[in-house]
Amino acid sequence: MTQGVALEERENAPLGLSAHFQVDAKELVAEYEVTNTRAHAVYLFNVLWAFDAKGQYVAASSPAYVSLRRDGQLYIGKIVPPLPRDEEVELRVVPFATKVEAGRSYKETLKFPLPVSEYSAYFPAKPDSKYRSATAHSVVFALQFVNDVKGMEAKPAPLPDALQLSHPKLLGLIETVRARPEKIEVPVNQRDGNFEEFE
């Protein structure tokens, strides 16, 4: 194996990601750890935000995007949420980021009150939103990230300990890594109406 090939493989090495889930009487606790196995820094899209009534950035009401899939799997994602299929939006939602240097790891614990509510940036819950009780039979965690490439700008975000990324081709640089699904029973408040399932 030549040095060039070895370097290329390290440049594109899959990030190490593990996740563990635990349910108690009050909440679902999700713990994940990601290890940057690459030769350069990466940025994780893991800081979700929303706008308050005054149009100011605030932390999102959920620590991750959540969707109960038709197969009964609960999808939890620190991701750039997919655009609605049947609706137009004025603004593309891109979470703020955390930088992880080459060879470093990052851990985070997420807590979701039971029953876990589905959450999407494009389908916010309203006072008249309706729900139905459901049960997930497994949980999977997904994380999206980008490499620290030429032209990437990372400025302090309006939320603490977060970065706002910009790059001419930012969306085209996004990669996804998923942890191994875990079989676990989780009560879910499934949205009834125009909420679109995603994965």
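Lys 155 counts as partly exposed, at 49% relative accessibility. In this predicted model, Lys 155 belongs to strand E12, which covers residues 153-156. Leaving out residues up to four places away in sequence, Lys 155 touches Ala 162, Leu 163 and Gln 164. Phe 96 is itself one of the members of a nonpolar core of 19 residues.

Asp 161 is found in the loop between E12 and strand E13, the latter comprising residues 163-166. The phi angle of Asp 161 is near 55°, a positive value in a residue other than glycine. The relative accessible area of Asp 161 is 76%, and the residue is therefore classed as exposed, the threshold being over 50%.

The C-alpha trace spans about 60 × 40 × 30 Å along its principal axes. Of the 199 residues, 44% count as buried. Among contacts between residues at least 6 apart in sequence, 77% join residues at least 24 apart.

The chain exposes about 11,300 Å², of which carbon and sulfur atoms supply 48%. Its charged side chains comprise 23 positive and 27 negative groups, and the centres of these two sets lie 1 Å apart.

The largest nonpolar core contains 30 residues, and the members that touch the most others are Phe 21, Leu 74, Ile 76, Phe 112, Phe 141 and Val 186. Two or more residues are given to this core by each of strands E1 (16-23), E2 (27-35), E3 (42-47), E6 (65-68), E7 (73-78), E9 (105-113), E11 (130-147) and E15 (182-192). The most is given by E11, with six residues. Apart from this core lies another, of 19 residues, including Leu 48, Tyr 75, Phe 96 and Tyr 119.

The surroundings of Ile 76 illustrate the packing in the largest core. With residues up to four places away in sequence not counted, Ile 76 touches Phe 21, Leu 28, Ala 64, Tyr 65, Val 66, Phe 112, Val 139, Val 140, Phe 141 and Ala 142. Of these contacts, Phe 21, Phe 112 and Phe 141 are also listed among the core members that touch the most other members.

Val 29 lies in strand E2. Its relative accessible area is 16%, and Val 29 is therefore classed as buried, for which the threshold is under 20%. Beyond the residues up to four places away in sequence, Val 29 touches His 20, Phe 21 and Gln 22, and also Thr 109, Leu 110 and Lys 111. The C-alpha atoms of Val 29 and Gln 56 are separated by 29 Å, the two residues being 27 apart along the chain.

Arg 104 is found in the loop between strand E8 (96-100) and E9. At 57% relative accessibility, Arg 104 counts as exposed. Its contacts, not counting residues up to four places away in sequence, are with Val 34, Thr 35 and Asn 36. Arg 104 and Thr 37 are 67 residues apart in sequence, while their C-alpha atoms are 7.8 Å apart in space.

A cis peptide bond joins Leu 114 and Pro 115, with omega about -10°. Pro 115 is found in the loop between E9 and strand E10, which covers residues 116-117.

Leu 83 is found in the loop between E7 and E8. Its relative accessibility is 40%, at which Leu 83 counts as partly exposed. Neighbours within four places in sequence aside, Leu 83 is in contact with Val 89, Arg 92, Tyr 122 and Glu 196. Between Leu 83 and Ser 120, 37 residues apart in sequence, the C-alpha to C-alpha distance is 9.9 Å.

Key:
Residues numbered from 1 in each chain as written. Predicted model: local features only at pLDDT ≥ 70, side-chain atom pairs only at ≥ 80, totals over all residues. Heavy atoms only, no water. Buried < 20%, exposed > 50% of the residue type's maximum accessible area, 1.4 Å probe, protein only. Contact = heavy atoms within 4.5 Å. Areas by Shrake-Rupley, 256 points an atom, 1.4 Å probe, with all protein chains shown as cover. Lys, Arg positive; Asp, Glu negative; His and termini not counted. Charge placed at Lys NZ, Arg CZ, Asp CG, Glu CD. Core = buried A, V, L, I, M, F, W, Y, C linked by side-chain atoms within 4.5 Å. Helix = DSSP H or I, 4+ residues; strand = E, 2+ residues; numbered from the N terminus.
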